[in-house]
Amino acid sequence: MMPIITIKMIEGRTDEQKRALVQEVTEAVSKTVNAPKENIAIIIEEMSKNHYATAGVLQMDK
């Protein structure tokens, strides 16, 4: 089975940060579930601050 990981986060990270993130997540998943790295897929879903809220407040209003 191929692990598929979805990461949802607010936009604004650099490409370098996203590269580091997927490398680290791939390593952790590979080690934890004993899956070959080439079988691990990661999907990054970015959203704007006006599409995410916590405690009833949009992130863009914080």
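Biologist: Which residues does Lys-18 touch, not counting residues up to four places away in sequence?

Modeller: First, a word on the source. This is a predicted model, where local features need pLDDT of at least 70, side-chain atom pairs count only at pLDDT 80 or more, and totals for chains, interfaces and linings use all residues. Residues are numbered from 1 along each chain as its sequence is written, and side-chain values use heavy atoms, with hydrogens and water left out.

Now the residue. Leaving out residues up to four places away in sequence, Lys-18 touches Met-9, Arg-13, Ile-44 and Glu-46. Contact here means heavy atoms within 4.5 Å. With Glu-46, the side chain of Lys-18 also makes a polar contact of 3.3 Å. That term means a pair of N or O atoms within 3.5 Å; within protein, one must be able to donate a hydrogen and the other to accept it, and residues adjacent in sequence count only if both atoms are side-chain atoms.

Lys-18 sits in helix α1, residues 15-33. Lys-18 counts as buried because its relative accessibility is 18%. Buried means under 20% relative accessible area, with a 1.4 Å probe and protein chains only.

Next, the whole chain. The protein chain has one helix and four strands. From the N terminus, their order is β-α-β-β-β. Helices (H or I, at least four residues) and strands (E, at least two) are DSSP runs, numbered from the N terminus. Of the 62 residues, 24% count as buried. The C-alpha atoms fill a box of roughly 40 × 25 × 15 Å along the principal axes.

How values were computed:
Buried means under 20% relative accessible area, exposed over 50%, partly exposed in between (1.4 Å probe, protein chains only).
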